[in-house]
Amino acid sequence: MDFAFDARTEELRHKLLAFMDEYVHPAEQTAHEQRAALASPWDTPAVVEELKAEARRQGLWNLFFVDQHSLPDEEHGAGLTNLQYAPLAEITGRSPQLAPTALNCAAPDTGNMEVLAQFGDAAQQKQWLQPLLAGEIRSAFAMTEPEVASSDATNIETRIERDGDDYVINGRKWYISGAMNPLCQIFIVMGKTDPDGADIRRQQSMILVPRDTPGLTVARAMQVYGYEDHYHGGHAEVVFDNVRVPVGNLIGEEGGGFGIAQARLGPGRIHHCMRLIGMAERAIELMCRRAVSRTAFGKPLAQQGVVQEWIADARVAVEQLRLLVLKTAWLMDTVGNKGAHTEIQAIKIATPRTVVDILDKAVQLHGAGGVSQDFPLAELWAGARTLRLADGPDEVHQRSLARRELKRYL
Ligand SMILES: Cc1cc2nc3c(=O)[nH]c(=O)nc-3n(C[C@H](O)[C@H](O)[C@H](O)COP(=O)(O)OP(=O)(O)OC[C@H]3O[C@@H](n4cnc5c(N)ncnc54)[C@H](O)[C@@H]3O)c2cc1C
């Protein structure tokens, strides 16, 4: 077994590490200051657009794209495999508020672009996929509803009803990532076209709703542990009140929504996990710097056994997670997302909770500074913690993984 990165990955890693040092990390403070001076906190700081232009110029653009067979996609992306992209996503996780957007590799656009490439027709691709690929607009994915337990997609109550040459949409969604950003021009909405259909997995469909459609209201920004998550365009509550779009906005066929949702989430999960590992690496680095530079009770924090234990355990955990995530990426490339089902669920369960724990230790080591705005740890912790819910709660993945495991003994 060869654990080395291949030549293409190494080349891109070096390029990306240099891009992070030269452009992204220095822009973190600038972006913060620029945002504070913007008329609306949801607008994009100028430095973000500069980062995007530079990343594109350097060929660090749309690195995430794989096709519907999990194969490298040179038409839409950089033509990388999941295994090649994974260590690059990890590097972007060190600056999760800027780097994924700079490279046009940020959720939820990545999953939405994949849906459009895989299931959209030529007109939908021209109108929405092309500007998304060019980083000109952003997008949102609207499935979760405040009124129903949305981890079970069959509960979704939003109605998509055919009326002549249109569909009419009624429903309320929340935690719709990216929707507060005015650049978010298109929503992929999940709802029921056939609520009484016999097959519960064929009741849902997905439909494209442009932001400016009458009846669509971005009602408010939901908070995440008190943060509004400006960099990711927030997480909005969105109301659809008799929203009318042409039938041509349906993605794929009526009843195909559940299947599209399943296809959409596999690659997205591995991207989140790799970025989380990058966040954990940043936490370890901050922990070590703090531990050697601060003294309590007559010796540096680094000489306290408990601190050494935290650092050692964090290193062990990160190495284990990375191996599992890379194995998952390799399986997705070689046997497809279905064949990697158990591993995708395993990383989705293991990574957020372990990284939350590492970030928590890093916060603790920083004392009051750890929960403050002067270090990135508190916000990283909040972001990582939400990934135990977003894209499905831990318990749903545990249930599904355990069922698969048990099936062999029934
Ligand atoms: C920051 C953030 C961003 C998000 N972005 C988006 C987005 O862009 N688009 C979107 O549509 N949604 C988004 N979501 C919503 C997210 O996907 C849902 O919160 C998630 O799927 C859970 O649905 P729910 O909140 O309705 O929880 P519920 O379905 O009500 O579940 C609540 C809890 O019940 C337990 N539970 C549920 N099922 C089981 C089970 N089978 N076994 C055991 N326990 C169970 C779990 O502990 C679960 O956390 C986001 C959420 C957050 C926090």
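The model is a predicted one.

The protein holds eleven helices and ten strands. Its radius of gyration is 21 Å, close to the 22 Å given by the globule rule for 410 residues, so the protein is as compact as a globular protein of that length. The C-alpha trace spans about 75 × 60 × 40 Å along the principal axes.

Burial and contacts were examined next. Of the 410 residues, 52% count as buried, that is, under 20% relative accessible area. Contacts were counted between residues at least 6 apart in sequence. Of these contacts, 73% join residues at least 24 apart.

The surface and the charges were also computed. The accessible surface of the protein comes to about 18600 Å². Carbon and sulfur atoms account for 51% of that surface. The protein carries 42 positive and 54 negative charges.

The protein is divided into three parts: domain 1 covers 7-105, domain 2 covers 138-251 and domain 3 covers 258-407. The centres of domain 1 and domain 3, taken over C-alpha atoms, are separated by 20 Å. These two domains also touch: 20 residues of domain 1 are in contact with 18 residues of domain 3. Contact here means heavy atoms within 4.5 Å.

How values were computed:
Residues are numbered from 1 along each chain as its sequence is written. This is a predicted model: local features need pLDDT of at least 70, side-chain atom pairs count only at pLDDT 80 or more; totals for chains, interfaces and linings use all residues. Side-chain values use heavy atoms; hydrogens and water are left out. Helices (H or I, at least four residues) and strands (E, at least two) are DSSP runs, numbered from the N terminus. The radius of gyration is taken over C-alpha atoms; the globule rule is 2.2 Å times the number of residues to the power 0.38. Buried means under 20% relative accessible area, exposed over 50%, partly exposed in between (1.4 Å probe, protein chains only). Accessible areas come from the Shrake-Rupley method with a 1.4 Å probe; for residues, only the protein chains shown count as cover. Lys and Arg count as positive and Asp and Glu as negative; His and the chain ends are not counted. The place of a charge is taken as NZ of Lys, CZ of Arg, CG of Asp or CD of Glu. Domain bounds come from an automatic or database domain assignment.
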